[in-house]
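Here is a protein to explore, one piece at a time. Take a look at the sequence and the fold, then read on.

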Amino acid sequence: MRVVIAGASIAGLSAAEALRREGFRGDIVLLGDESHAPYSRPPLSKQVLDGSWSPDQVTLRTPVEIRALGLDHRHCRATGLDLAAREIATTEGRLGYDALVLATGAEPTRPGAVPGVDRALVLRTLDDALALREAMSRPGRDVVVLGAGVLASEIATAARRAGCHVTLVGRSGALTVGTIGPLLTDRVATLHETNGVHLELAAGVRAVEDVAPVPGRSAATGTPRHRVTLGDGRDILADVVVAATGSRPRTDWLHGSGLPIEDGVLCDAHGRAAPDVHAIGDVARWMDPATGVSTRVDHQTSAIDQAHHVAQSIQGAPSPASPVPFFWSGIHGTRLQAYGTLPADIPLTILEESGGRALLASLDPRSGRTLGIIGWRAARAFRDARPLVDRDRQLAGAGAGTADSPGVRDVLPLP
Ligand SMILES: Cc1cc2nc3c(=O)[nH]c(=O)nc-3n(C[C@H](O)[C@H](O)[C@H](O)COP(=O)(O)OP(=O)(O)OC[C@H]3O[C@@H](n4cnc5c(N)ncnc54)[C@H](O)[C@@H]3O)c2cc1C
């Protein structure tokens, strides 16, 4: 039997490892289009960007470790899928499969229809992180971050740490942390302001253009300065402009295959998109049995949990519980953790708050069940409350989390 995995990052590699752990002895072909050994992305916007980690510290598995798993790791790109023939097309030819795992992740998007916005750097790959780190490496540089989500906040954090002047430009008037409402995002805004980040949350951006280098400043590095024109016509001059304005799943190569695609590969609650075809990680939209809604959960632990889940399905093990979304971030030294489902239309409830620490929850207004929890500088309370979410999901028939499943701790550099 041959399993082909398209995408050799955390989701794809975790699926391959989980298959071997489950005792799968057939062929595993892992296809990846990046030149680096598989690496972890969360540290890119944290330890790599602020310089506390060297690039090799993000490596998940070296080529030797990958060979030890008995994987056929091919550096090539998947270009098409023929479901009827059970074949995948690649830049190195066609390849038959008995089971296929789609793990091609996501890529950054820039704000559409903004002239010059392609001048903005983005952050998705290790090379992106190193380029951004270099661009921010001189204290006193002016950095404009486009975007109001968690990634934008993390970039702003690293830029302040590097001694840059930082303006964060949003459009909606508020910061966003997934779908979580103002009880949390107002705290993040205060955190930015007390750490010297200038917020322009309602401004939006109208254009980005190059301006003449300033002698002794950008001229020395040959880097042009940029003029960022905000939606209301005001200009901000910047040495570095970076766009953290969202991502889209890498499904282009699957168009025309007949797979259901709608902001990701649509899957059932077990990651099945078609017979013997599964999707995991940032490219996938699994149905969440707790809410009945299909969601693309772009979090690293979800990618690992889904990989483990799909490996068990391929091996014919009884369907395990659906993975529970888990996410963490670090903004100006404050740790933020979220577990479970946090619907936008349910205001958060404060469960505990003292000494700058808080535990918040999303409680189902009808059943009172705990759908999800958030820890704000409250790692211990958060850990203690996780079983509440698992219990209530089980009561709702959605299954509990698998974050402690074998292998997760092996693969994931824990925050
Ligand atoms: C800067 C940054 C910070 C993050 N921080 C956090 C965090 O703090 N907490 C958290 O939970 N999550 C975080 N995330 C999200 C997390 O990294 C992702 O959820 C995770 O990387 C998803 O893994 P994946 O394997 O599905 O996709 P990816 O990591 O995107 O990997 C997909 C791989 O497939 C390859 N590929 C794409 N198309 C093809 C093709 N056609 N053929 C072959 N190969 C292909 C890609 O090049 C890539 O190597 C962060 C992400 C970024 C970018």
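## A walk through the model

Let's start with an open sheet of five strands, which has the order 22-23-26-25-24 and antiparallel pairing. Strands count as paired if DSSP finds at least two bridges between them. Strands here are DSSP runs of E with at least two residues, helices are runs of H or I with at least four, and both are numbered from the N terminus. On the edges sit strand 22 and strand 24 (349–354), each pairing on one side only. From one strand to the next, the twist averages 10°. Five bridges connect strand 24 with strand 25 (residues 357–363), and these two run antiparallel. Within that pair, Thr349 stands opposite Ala361 in strand 25.

Before going further, a word on what you're looking at. This is a predicted model: local features need pLDDT of at least 70, side-chain atom pairs count only at pLDDT 80 or more, and totals for chains, interfaces and linings use all residues. Residues are numbered from 1 along each chain as its sequence is written.

There is also an open sheet of three strands, in the order 4-5-6, with antiparallel pairing. Its edge strands are strand 4 and strand 6 (93–96), each pairing on one side only. The twist averages 25° from one strand to the next. Strand 4 and strand 5 form a hairpin with four residues between them, and Arg86 in the turn has a positive phi of about 50°. Leu81 has Ile88 in strand 5 as its bridge partner.

| Pair | Bridges | Direction |
|---|---|---|
| strand 4 (residues 78–82) and strand 5 (residues 87–90) | four bridges | antiparallel |
| strand 24 and strand 25 (residues 357–363) | five bridges | antiparallel |

Now for the helices. The axes of helix 1 and helix 7 come within 8 Å and cross at roughly 35°; axes are lines fitted to C-alpha atoms, for helices over the stretch in contact, with angles from 0 to 180 degrees between N-to-C directions.

What comes nearest to the ligand? Of the 37 residues around the ligand, Gly7, Ser9, Arg41, Gly105 and Gly281 do. To be near, a residue's C-beta atom, placed from the backbone, must lie within 6 Å. Helix 1 (10–21), strand 2 (27–32), helix 7 (300–314) and strand 22 (326–331) each give two or more residues to this shell.

How far can you trust the model? The protein chain has a mean pLDDT (the predictor's confidence in each residue, from 0 to 100) of 90, and 92% of its residues reach 70 or more. Over residues 402–415, though, pLDDT stays under 50. Where pLDDT is low, the predicted coordinates should not be read in detail.

How values were computed: Contact = placed C-beta atoms within 7 Å.
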